[in-house]
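Hi,

Here is the structure I promised to pass on.

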Amino acid sequence: MKTNLRRLRFEREEKSQQQLADLASVSRQTIIAIERGDYNPSVKLALLLARSLNTTVEQLFELEESDHA
């Protein structure tokens with residue numbers, strides 16, 4: 001799964017990782033892991049992140065070809 005979290009974090013709201021983590025009630029390390037692609041968030045967390053950045057889950061995360069297998 002491809003994530004656009006880092007890009008949208010800067011483009012939309014210019015929030016730091018810690019600010020976003022605080023809004024979503026997770027650790028900064030969780031935001032780092034999501035941005036690196038090491039962690040796929042739950043549906044609830046994806047929705048919270050999207051709301052925090054005033055965007056949609058579909059704009060934050062995209063399926064890649066390998067995800068369809």
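Three salt bridges turn up here, counting any side-chain nitrogen of Lys or Arg within 4 Å of a carboxyl oxygen of Asp or Glu. Before the details, a caveat: this is a predicted model, where local features need pLDDT of at least 70 and side-chain atom pairs count only at pLDDT 80 or more, while totals for chains, interfaces and linings use all residues. Residues are numbered from 1 along each chain as its sequence is written, and side-chain values use heavy atoms, with hydrogens and water left out.

(Helices are DSSP runs of H or I with at least four residues, strands are runs of E with at least two, and numbering starts at the N terminus.) Arginine 7 is partly exposed because its relative accessibility is 41%, and glutamate 11 is exposed at 52%. For these words, buried means under 20% relative accessible area, exposed means over 50%, and partly exposed is in between (1.4 Å probe, protein chains only).

Glutamate 35 and arginine 9 make another bridge, their closest N and O atoms being 2.7 Å apart. This pair ties together distant parts of the chain, with glutamate 35 in helix α3 and arginine 9 in helix α1, 26 residues apart. Both of these residues are buried.

The remaining pair is arginine 36 with aspartate 38, at 2.8 Å from N to O. Arginine 36 is exposed at 58%, and aspartate 38 is exposed too, at 55%.

Now for the overall fold. The protein has five helices and two strands, arranged along the sequence as β-α-α-α-α-α-β. Buried residues account for 38% of the 69 residues. The C-alpha trace spans about 35 × 20 × 20 Å along its principal axes.

Two loop residues are worth a look. Serine 25, in the loop between α2 (17–24) and α3 (28–36), has a positive phi near 60 degrees although it is not a glycine. Its relative accessibility is 69%, so serine 25 counts as exposed. Asparagine 54 lies in the loop between α4 (43–52) and α5 (57–60), and its phi is also positive, near 55 degrees. Asparagine 54 is exposed as well, at 59%.

Cheers
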